[in-house]
Amino acid sequence: DRGDRIDVAASDECDGVSVQLFSPSYGFHTHAYAIKKSAAHTLLDNLPVVGPVDVWLADNSWFGLRVYCAVVANDGWRDTGANLISQNRVAESTIRMSSR
């Protein structure tokens, strides 16, 4: 993500890990989504996707949807949070990357 973050919640530490939840002002490099049925309808109404999905969503202000990001708190680059999930760009997949 880039830009301002609006903190929403933080978890208690469990096994040395705490999760920070925030609402981003701009986001990209997204690896996973959890989408409500109503949000899916909004996204379908705005097809086609132009460019990588995460950039398309951010460039269009997520079409007015409520968006939250979760990161490992106080970790990663300058303690801004580390990824909870990562992408394996080496392994073969039946899912085509939207940016390639």
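Colleague: What pattern does the protein follow, read along the sequence?

Modeller: Please note at the outset that this is a predicted model. Read along the sequence, the pattern is β-β-α-α-β-β. That corresponds to 2 helices and 4 strands.

Colleague: How much of the protein counts as buried?

Modeller: Of its 100 residues, 18% are classed as buried. The protein exposes about 7,700 Å², and carbon and sulfur atoms supply 52% of that area.

Colleague: And what share of the contacts join residues at least 24 apart?

Modeller: The share is 51%, taken among contacts between residues at least 6 apart in sequence.

Colleague: What does Leu43 touch, leaving out residues up to four places away in sequence?

Modeller: Leu43 touches Ile35, Trp56, Leu57, Phe63 and Leu65.

Colleague: What is the phi of Trp62?

Modeller: Phi is about 55° for Trp62, a positive value although the residue is not a glycine. Ser61, found in the loop between α2 and β3, also has a positive phi, near 50°, and is likewise not a glycine. For background, most residues other than glycine have a negative phi.

Colleague: On backbone geometry, is the peptide bond from Leu47 to Pro48 cis or trans?

Modeller: The bond from Leu47 to Pro48 is cis, with omega near 10°. Pro48 is found in the loop between α1, residues 37-45, and α2. In general, most peptide bonds are trans.

Colleague: Now the other loops. Where is Ser18, and what does Ser18 touch?

Modeller: Ser18 is in the loop between β1 (2-10) and β2 (19-26). Not counting residues up to four places away in sequence, Ser18 touches Ser11, Asp12, Glu13, Val71, Val72 and Ala73.

Colleague: Is Ser18 buried or exposed?

Modeller: Ser18 is buried, because its relative accessible area is 16% and buried means under 20%.

Colleague: And Thr80: where is it found?

Modeller: Thr80 is found in the loop between β3 and β4, the latter being residues 82-83. Thr80 is partly exposed, with a relative accessible area of 31%.

Colleague: With which residues is Thr80 in contact, leaving aside its neighbours within four places in sequence?

Modeller: Thr80 is in contact with Arg5, Gln20, Val71 and Asp75. Thr80 and Gln20 are 60 residues apart along the chain, and their C-alpha atoms are separated by 9.7 Å.

Colleague: A last topic: how many disulfides does a search of the whole structure find?

Modeller: The search finds 0 disulfides.

Colleague: Then how accessible are Cys14 and Cys69?

Modeller: Cys14 is exposed, with a relative accessible area of 51%. Cys69 counts as partly exposed, at 23% relative accessibility.

Methods: Residues are numbered from 1 along each chain as its sequence is written. This is a predicted model: local features need pLDDT of at least 70, side-chain atom pairs count only at pLDDT 80 or more; totals for chains, interfaces and linings use all residues. Side-chain values use heavy atoms; hydrogens and water are left out. Contact means heavy atoms within 4.5 Å. Buried means under 20% relative accessible area, exposed over 50%, partly exposed in between (1.4 Å probe, protein chains only). Accessible areas come from the Shrake-Rupley method with a 1.4 Å probe; for residues, only the protein chains shown count as cover. A disulfide is a pair of cysteine sulfur atoms within 2.5 Å.
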